[in-house]
Amino acid sequence: MGWQQLVVHVRAEDVPQAEALLQLAGAAALSAGDAGDAPLLEPAPGAMPLWPHVELRALFTTGTDLDRLRELVEETLHTERTPAISAVDDKDWQAAWRERITALDFGSTLSVVPADTSAAPARGTCLKLNMGLAFGTGRHPTTALCLEWLAAHPPRGARVLDYGSGSGILALAALRLGATRAWAVDHDPQALTATADNARCNDLGHSLWVGPPGSLPEVEVDLLLANIVAGTLIEHAARFAAYAKPGATVVLSGILEEQCKTVESAYSNDFEGFERVGREEWLRITAKRKTRSSRM
């Protein structure tokens, strides 16, 4: 079967409408990418979980009238450039699909694979994840640093809070690696939906609470994971200390090298034993909750 591709560039806020239009037109597959040069991070609670300028690639069979669809897209959406049509060789599409379903390995104990493939790791624990528009696939360094820590320190028997959960990847990985209960918190409805879907895919819904910060019950956890921007980490330092039981571990990511000292300073009243691990320009900070707070 032959394929053709329509590439559309839109603003992040127009992605849901663009997706719906392309799906109604019969798109066999959709993928999203950065149309500018902005990294996609697990965002602060309430932030838009996409790049500000998004490139959508929609795959159609050769019989689809993409010229008319392109006109409809331009009439309906705020496109940032003329949508492009190109032919896609069947072998190229199959190769791209094989690349998309490649498992991501974190140490020897954890692999993340797309939910819609039968691919499985040769060893270790497998976490299935819907690799759609939802952020948090494990490919960004900030997420990978957290997953590597979990793989090296399986939280067996632990109660875990994932604050700013995105796709839920960290909370679900913790459960897969032996945690008994997890709470996944995010402001964004898209993130909460993605987390719930991924929990069902892994049959972990019974062990996972999913909801916005305002609905989070009073919890005391053994492990707190927060892969969000440094400003939000600083703002929430006291709140995180209240959630962490004495001796609990906090794993903070989404921190640029120049922000490290400021983040550690914000946590130093209630946490100790800070350790840093870097990748590219990003750092992961881990620390232990003090038995007694030094706050006056």
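## Ground rules

In this predicted model, local features need pLDDT of at least 70 and side-chain atom pairs count only at pLDDT 80 or more, while totals for chains, interfaces and linings use all residues. Residues are numbered from 1 along each chain as its sequence is written, and side-chain values use heavy atoms, with hydrogens and water left out.

## Two nonpolar cores

Let's start inside. A nonpolar core here is a set of buried Ala, Val, Leu, Ile, Met, Phe, Trp, Tyr and Cys residues joined through side-chain atoms within 4.5 Å; buried means under 20% relative accessible area, exposed over 50%, and partly exposed in between (1.4 Å probe, protein chains only). The largest core has 31 residues, and the members that touch the most others are Phe-106, Leu-110, Leu-147, Leu-150, Val-160 and Leu-208. Among the elements giving it two or more residues are helix 4 (141-152), helix 5 (169-176) and strand 11 (221-227); helices (H or I, at least four residues) and strands (E, at least two) are DSSP runs, numbered from the N terminus. Helix 5 supplies the largest share, 7 residues.

A second, separate core of 29 residues includes Tyr-163, Trp-183, Val-219 and Ile-285.

An open sheet of 7 strands runs in the order 10-9-8-11-12-14-13, with mixed pairing; two strands pair if DSSP finds at least two bridges between them. Strand 10 (208-211) and strand 13 (271-279) are the edges: each has a single partner strand, so one side of each is left without a neighbour in the sheet.

Further in, strand 8 (residues 159-163) runs parallel to strand 11 and is joined to it by 3 bridges. Val-160 stands opposite Leu-223 in strand 11.

## Helix 4 and Leu-150

Helix 4 is mostly covered, with 10 of its 12 residues buried. Trp-149, Leu-150 and Ala-151 are among those buried residues. Leu-150 touches Pro-155, Leu-170, Ala-173, Ala-174, Leu-177, Leu-223 and Leu-225, not counting residues up to four places away in sequence; contact means heavy atoms within 4.5 Å.

## Cysteines

How many disulfides does a search of the whole structure find? The count is 0, a disulfide being a pair of cysteine sulfur atoms within 2.5 Å. For Cys-126, the closest cysteine sulfur is in Cys-201, 8.9 Å away, which is too far for a bond. Cys-146, in helix 4, is one of the buried residues there, with a relative accessible area of 0%.
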